Amino acid sequence: MARTAVRALPRPVQRLPFWSLPLPAGFTSVAGQALGLAGLVALGLAVRLWVLGTSDEMNADEVIPGLMARHIASGEELPVFFYGQHYFGAVEAYLIAALFVLFGFHPWLAVVPPLLASLALIPITFALAGHLAGRPAAWLAALPVAVPPPILAKLYANSGGGFSLALALHGGALLLFLQTFLPPPPSAPARRPLLWAMAFSLVAGLLCWIWQPALALYPVLLALLWWHCPPLRQPRGMALAVAPVLLGLTPPLLYNAQRGWPSLTQLAHKYGAAAGTEGAPGVGSGTQALWTLLLIAFGGGNEAEGGANPLQGALVATAFPLTLLLLRTAPHRWPRRWRAAWLLALVAVVDAVAAHGTVRHLAPAAHLGFAFAGAALALLARRLPARPLAQQGAGALAALIIVVAPNLWLNAHAEGIFRRFVARASEVQGVVAALDARGLTTGYADYWTAYPVTYFAGEGIVLAPSVATIWGERVDRYPAGTGRVNSVADLSRLFLLLDDRCSPLPYLLPLEQENATYRLERIARWYLLWNIRAPPEGADRAMVKWYRVITSRAHC
């Protein structure tokens, strides 16, 4: 029987839309990771700006680096430390000064360096968590940094002490340390540990200048490198590895050598204060307060205002031991991850011990906790009897319930969380306009009023912080400004800006005793005492009495 030849008809070609075409191998992971991180950074920026607008605050501590930056940009000064202190390096002030040089003076430029540093924390935390439990853990760990509670989001934009910059340098130094300490993956080329150790020391030196608690961490990590890396056991290798740290430490070392090592004295006094002394009732003090402070830090709050996410705090607190346990008992042995986990856990312990006993100083340990939280969720999800995609979805759902949703809720209610201990930035700008309209340029106020007004006025108005605050403190961080005000001998050219929680009567009595006239007005959150005019025969006495009351009262 003859076979009939059948001609195969060509199949119609199905044209797929361009968005459904498969991406080349390798592009998916690299491009997808970059786009995902870019999305998290954009989300992080939106959350920070949202909270910054809600808080509407730039307090005295935050404007000091801005004043420093103005003096750096004009060539007047080259400070090494935060004004009025012998610790907290001035690196961030130099970054702000560069912005002033490029764009001119604008008060809110002071938040740009801490904002950018805090956004860099997102990929840094991503990378640290990746060392613990791979990419699923990395994505989960980045969420508390991208979507923080309002108190932590405000700290990220805080320019008063270089917190965000220190956190970014801390994370960067740890990544370089892990690159030096951990063996490379089997498929990776051989590393040169000495070069990585030098890069680690360079970043650690800048960190130690900005963030003095890191001085306790660097020797511990250096000792581990000496023990583990043969090239560093040679004198030449160790010398090369340590030399870069001196680049960052040169300014503070020269500063202290010329002044009798005041940083050591101040730090000893700082560490001598009991933990929890800045806390609210219920926090306690001393060693027992450390656990409470750590839970608050893990939840992204602070001891004065609260605002922590308790679910996040509990997750981070349990994540340290849980991650170590899950890695140790994993069916697949991950020696690199296990080694990275105990190293970072050790770092967190050192960070906690070296902190000054306040939540903001425990932030480095808390951010390591975020990496462990991502690792714990990812490792727990791997234990579920499900497909990998379902496991990753379970981890993401847990992070959404524990971290993202509560933090967004807290941010939406941030107005009720911020305690408003000091004036809003908008109120400061309003009083600056009022003073300018009256032609007033020199006066007295308390610390929390004097420096914000001086800064927002671009130093066209200068206030000396000679008045005690309602808490009874007097802090003069820039004596040159105080000297400028004290040099004014004419009462009519001086004014008093008094917190409206204080009574103006004690400041009126010495003027009335000398038959002086004055004007007293209420502006926003202050009493403004100005247009003071005393009879010629009593002007000097009125000036002396008035100044004595301003500078001697225990409380405003």
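A: The secondary structure of the protein chain comes to 20 helices and five strands, where helices (H or I, at least four residues) and strands (E, at least two) are DSSP runs numbered from the N terminus. The model is predicted, so local features need pLDDT of at least 70 and side-chain atom pairs count only at pLDDT 80 or more, whereas totals for chains, interfaces and linings use all residues. Residues are numbered from 1 along each chain as its sequence is written, and side-chain values use heavy atoms, with hydrogens and water left out.

The C-alpha atoms of the chain fill a box of roughly 135 × 65 × 45 Å along the principal axes, and of its 556 residues 53% count as buried, that is, under 20% relative accessible area with a 1.4 Å probe and protein chains only.

Within this chain, helix H9 covers residues 235-259 and bends by about 60° at Leu-249, the bend being the angle between axes fitted to the seven residues ending there and the seven starting there. Beyond the end of the helix comes Gly-260, which has a positive phi, near 80°.

How values were computed. Buried means under 20% relative accessible area, exposed over 50%, partly exposed in between (1.4 Å probe, protein chains only).
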